[in-house]
Amino acid sequence: GIDSFLLSKFFLENTNLKHINIADFCSGTGIIGIFTYLNILHNEYYNNHSLKKTNIHNLNIDFFEVQEYFADLNKRNCNHIYNMILEKADFKDVLNPFTVNNLNIQNILDNLNFKNKYTCILSNPPYMKENKGIKTNSLEKDIAKIAKKDFLKTFFEVSNFCLKDKGELFIVHKPENLTEIIILATNNNLELKLLQFITNSSNKAPSLFLAKFVKNGKTLLKLLPQKTIN
């Protein structure tokens with residue numbers, strides 16, 4: 001969906017850090033992490049440093065996906081992209097930056113190797129709450145779309161656990177969940193720093209929002225102009 005591309009672009013335009021380790025939570029087939037990596041690669045290839053100077057040779061992106069079906073697609077997508085990268089003479093010595101973990105993010109809390117590891121987390125998590133989302137004829141799609149009880153609470157606990165001090169969290173979500181998200185983020189030392197609403201019509205209420213949080217950040221929120229996507 002377009003929300004994944006919007007999130008990646010939002011990150012690339014609004015990050016303040018030089019990134020080494022990036023995590024993609026609830027990664028699905030990996031589109032956010034892959035699209036982000038290709039944009040950073042493109043900027044390095046054309047020597048365009050409008051982005052922060054991230055050395056492509058040191059950049060790692062870890063994907064976390066609970067469903068084996070999507071995790072397998074994620075791995076195949078990453079392998080395909082990496083093989084394409086190797087065909088470029090300037091990047092023939094680049095190591096594979098991708099690692100796909102078929103893992104529930106809740107289980108990350110049991111592994112100290114993930115503690116304070118990431119400079120950035122990107123996520124397009126399930127939007128709908130249990131018993132409220134409209135189910136499809138696909139169990140895989142329903143799991144990706146409908147969050148289990150207390151998912152958001154766990155999500156922000158894990159984000160705080162994984163991020164370095166002043167690390168950044170970028171998410172895309174539904175406006176009706178914004179109050180709960182701000183409360184849970186604040187409870188886990190993640191300060192909302194940047195917010196942008198997305199609508200598909202200038203005379204309609206927003207259907208999505210993009211947000212940037214900073215671990216142990218100071219209290220100062222910047223609201224970006226609303227974006228209309230036709």
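This is a predicted model: local features need pLDDT of at least 70, side-chain atom pairs count only at pLDDT 80 or more; totals for chains, interfaces and linings use all residues.
Me: Let's look at helices. How do H5 and H6 pack?
Reply: Helix H5 (residues 151-162) and helix H6 (residues 178-187) meet at an angle of about 40°, and their axes are 9 Å apart. Here the axes are lines fitted to C-alpha atoms, for helices over the stretch in contact, and angles run from 0 to 180 degrees between N-to-C directions.

Me: Which residues make that contact?
Reply: H5 brings Leu152, Lys153 and Phe156, and H6 brings Glu180, Ile181, Leu184 and Ala185. Contact means heavy atoms within 4.5 Å. Sorted by class, there are 5 nonpolar, no polar and 2 charged residues. For those classes, Ala, Val, Leu, Ile, Met, Phe, Trp, Tyr, Cys and Pro count as nonpolar, Asp, Glu, Lys and Arg as charged, and the others, Gly among them, as polar.

Me: Which residues of H6 are buried?
Reply: Leu178, Ile181, Leu184 and Ala185 are buried in H6. They cover an arc of only 130° around the axis, so they sit on the same side of H6. That arc is taken from the directions from the helix axis to the C-beta atoms.

Me: Why would residues a few places apart point the same way?
Reply: An α-helix has 3.6 residues a turn, so residues three or four places apart point the same way.

Me: What do the buried residues of H6 pack against?
Reply: They pack against H5, strand E7 (163-173), strand E8 (190-199) and strand E9 (208-215). The face of H6 turned away from the buried side carries the exposed residues Thr179 and Asn187.

Me: What comes just after H6?
Reply: Asn189 does, with a positive phi of about 65°, and Asn189 is not a glycine. Asn189 lies in the loop between H6 and E8 and is partly exposed, at 41% relative accessibility.

Me: New topic: where is Asn116?
Reply: Asn116 is in the loop between strand E3 (98-102) and strand E4 (118-123). Asn116 has a positive phi of about 55° although it is not a glycine, and its relative accessible area of 34% makes it partly exposed.

Me: And Lys117, what is it in contact with?
Reply: Leaving aside neighbours within four places in sequence, Lys117 is in contact with Asn21, Asp62, Cys162 and Lys164. The C-alpha atoms of Lys117 and Cys162 are separated by 5.6 Å, with the two residues 45 apart along the chain. Lys117 is in the loop between E3 and E4, and with a relative accessible area of 24% Lys117 is partly exposed.

Methods. Residues are numbered from 1 along each chain as its sequence is written. Side-chain values use heavy atoms; hydrogens and water are left out. Helices (H or I, at least four residues) and strands (E, at least two) are DSSP runs, numbered from the N terminus. Buried means under 20% relative accessible area, exposed over 50%, partly exposed in between (1.4 Å probe, protein chains only).
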